[in-house]
Amino acid sequence: GGRGSPAPPAAAAEEAGAGPAADGAPFPAGALEEDDALQDELIERAMHQAYEGAAGPRSDRSVPVLVREEDLPDLWIAGRILHIYSHRGVYRMAAVPRDMRTLRHIAVQGNIFRDHAAKNVFDALLETRDVRKAPKQPRQWTPYDRRTRCECCNSVFTWHSTFSSEAQQHNDRHNCRACGRLVCGPCSSNLRPVPEIGLHVPSRMCDTCYFGGVRL
């Protein structure tokens, strides 16, 4: 679905430093919020200080600097929002409210632009339709933390990799789209459609399912 997030406030009012006013009298507590004339005066002083600072250094750095807070409108996604998500290797879709928390924040990921390309969104919508009409539901997937060895060859998941770090072990684990078992990369290098669950494009499949073997 679309992504929308409100623009953050430009800045919050704050003091760059505490100190007395130019005439030697300290600013009373809350004066910055209550006295508009004082706010204007501080802004003028800050602008004057910035101008003089550009010309050369100054020894007096005790003048408070006030930044005005701008009121920005909330931004919302227009129309009805359909959220596409992946579950057990297939795309599903659900209608969500416009104030859904996860839609208010954009998570920057490497595939964010590719996933939101028009063709990929259209293909995902077609898959959600096919999954809804499929005669069977996807098999239950084996969680990543449930196995330490491939369910196909019984080897550690990183047996074919140069590194064996925790991150590499995570990257070398894959779920078969047909049976849901957790297998290593070499044991799931074949692709085949699984139309009974709505996958009509070639999808990752373990060697046992691909070659029609017997599950161990």
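Author: Buried means a relative accessible area under 20%, exposed means one over 50%, and partly exposed is in between, as found with a 1.4 Å probe on protein chains only. This is a predicted model, in which local features need pLDDT of at least 70 and side-chain atom pairs count only at pLDDT 80 or more, while totals for chains, interfaces and linings use all residues. Residues are numbered from 1 along each chain as its sequence is written, and side-chain values use heavy atoms, with hydrogens and water left out.

Reader: In what order do the elements of the protein run from the N terminus on?
Author: Helices (H or I, at least four residues) and strands (E, at least two) are taken as DSSP runs and numbered from the N terminus. The protein has 6 helices and 6 strands. Read from the N terminus on, their order is α-α-β-β-α-α-α-β-β-β-β-α.

Reader: How far does helix α4 reach from its first C-alpha to its last?
Author: Helix α4 spans residues 118-133 and has 16 residues.

Reader: Over what arc around the axis do the buried residues of α4 lie?
Author: The buried residues of α4 are Ala 124, Glu 127, Thr 128 and Val 131. They are on the same side of α4, because the arc that they cover around the axis, taken from the directions from the helix axis to the C-beta atoms, is only 105°.

Reader: Which exposed residues does α4 carry on the face turned away from its buried side?
Author: On the buried side, the cover includes β1 (81-87), β2 (90-96) and β6 (199-205). The face turned away from that side carries the exposed residues Ala 118, Lys 119 and Lys 133.

Reader: With which residues is Thr 128 in contact, leaving aside its neighbours within four places in sequence?
Author: Thr 128 is found in helix α4 and is buried, with a relative accessible area of 4%. Contact means heavy atoms within 4.5 Å. With neighbours within four places in sequence left aside, the contacts of Thr 128 are Ile 84, Tyr 91, Arg 92 and Met 93.

Reader: Which elements each supply at least two residues of the largest nonpolar core?
Author: A nonpolar core is a set of buried Ala, Val, Leu, Ile, Met, Phe, Trp, Tyr and Cys residues joined through side-chain atoms within 4.5 Å. The largest one here has 17 residues, and Cys 150, Cys 176, Val 183, Cys 187, Cys 206 and Cys 209 have the most contacts inside it. At least two residues of this core come from each of β4 (182-183) and β6.

Reader: What is the geometry of the pair formed by the rings of Tyr 210 and Phe 211?
Author: Rings of Phe, Tyr and Trp (its six-membered ring) pair if their centres lie within 6.5 Å, with planes under 30 degrees apart counted as stacked, over 60 as edge-to-face and the rest as tilted. The structure holds 1 aromatic pair. Since the centres of Tyr 210 and Phe 211 are 5.0 Å apart and their planes stand at 85°, the pair is edge-to-face.

Reader: At what distance from the ring centre of Tyr 210 does Arg 192 lie?
Author: Tyr 210 is partly exposed, with a relative accessible area of 24%. A charge sits over a ring if NZ of Lys or CZ of Arg is within 6 Å of the ring centre and within 35 degrees of the ring normal. Arg 192 lies over the face of Tyr 210, and its distance from the ring centre is 4.3 Å.

Note on methods:
Expected span 1.5 Å × (residues − 1).
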